[in-house]
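Hi,

Here's the structure I promised to pass on.

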Amino acid sequence: MKKKVVVGMSGGVDSSVAAWLLKEQGYDVVGVTMQIWQDEEEQTQEENGGCCGLSAVEDARRVAQTLEIPYYVMNFKAEFKEKVMDYFAEEYLCGRTPNPCIACNRYVKWEALLQRSLSIGADYIATGHYARIRQLPNGRYTICRSATAAKDQTYALYNLTQEQLTHTLMPVGEYTKEEIRAIAERIGLRVANKPDSQEICFVPDDDYAAFIEDYTGRKLPAGNFVTADGRVLGQHRGITHYTIGQRRGLQLPMGHRVFVTEIRPDTNEVVVGENEELFKRHLTANRLNFMAVPGIDGERRVTAKIRYNHKGAPAVIRMTGADTIECVFDEPQRAATPGQAVVFYDGENVLGGGTIL
């Protein structure tokens, strides 16, 4: 009896080749595109190359026809609004910088899609992520780095549960991007050279502040730019316009480059300072999810990544509460940002991670 797998198809080359690879491996493959937010004109999506827009549906449907697999569009708008868009807006209003892709992976692509897929008789779901799933000698499942460091996507997947990993396949993780494009070309997929989507899918112009204002109906008031010791330097446009480490758009007549070092929602202040002030050795995190281990006792040496394109740096972690962890880096790291994820690695394996406080 063939095992059935539902492949989340975004219309991009990675998920398209994932579906082909699984069919080649003998799985009963079903393609699904998740309709999660889009009501916009197709033209907008074509221009922005979004991962989940209306053009994605057309591309994915054509790929499914080429591969001769069943294809469906499933509506997850309610889940996406609650778990991703509401969360995104709320975090920014609280002065933090969220990572909506991590929330989408955990609560929509996996939780919602997996439950619906299991309910229609599937054994697995699969995606086109550059990562690999491995079962360790301790019996637990973890995500480990993909075959290509250039496209490794493990950082955005640290939050998946053991139950979700048990039912997940990631065939693309064994290949480089160039190899995936070459396969797509060889099997005649029109999406072989489609560009990767870059921006957050529901904010195609990258103007987060305008999106939040429009989405919540709340216009945040201007406030003061201040130094760490409270000296007022000028007026900011509202805290949703800023993130830790930001240099552009501050428009302060300081005579040299300054950076956002802290956001204080309680007093509506944005603190600016020198680049050196962004480097810190300590961070704390909560909303923890452990993957390769059920938890940690005492201290543990890890490599820790504080954002998607951070290379990772040696650190020591220890629990400071039931759901809080302290991470101390060997060398100071730049711009650890509240609301972003910190992900801990043991070699190639994801040990776990959390949200930076």
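In which sense do strand β8 and β9 pair, and over how many bridges? They run antiparallel, with four bridges between β8 (residues 223-226) and β9. (Strands count as paired if DSSP finds at least two bridges between them; helices, H or I of at least four residues, and strands, E of at least two, are DSSP runs numbered from the N terminus.) Gly223, for instance, has His236 in β9 as its bridge partner.

Before I go on: this is a predicted model, where local features need pLDDT of at least 70, side-chain atom pairs count only at pLDDT 80 or more, and totals for chains, interfaces and linings use all residues. Residues are numbered from 1 along each chain as its sequence is written, and side-chain values use heavy atoms, leaving out hydrogens and water.

Back to the sheet: it's open, has four strands in the order β9-β8-β11-β10, and the pairing is mixed. β9 (232-236) and β10 (259-264) are at the edges with a single partner strand each, so one side of each has no neighbour in the sheet.

Now the helices. The axes of α4 (residues 77-93) and α8 (residues 208-216) come within 10 Å and cross at roughly 115° (axes are lines fitted to C-alpha atoms, for helices over the stretch in contact, with angles from 0 to 180 degrees between N-to-C directions). α4 and α8 are therefore roughly perpendicular, a label that covers 65 to 115 degrees. In contact (heavy atoms within 4.5 Å) are, among others, Phe88 and Tyr92 of α4 and Phe211 and Ile212 of α8.

Cheers

Key. Parallel < 35°, antiparallel > 145°, perpendicular 65-115°, else oblique.
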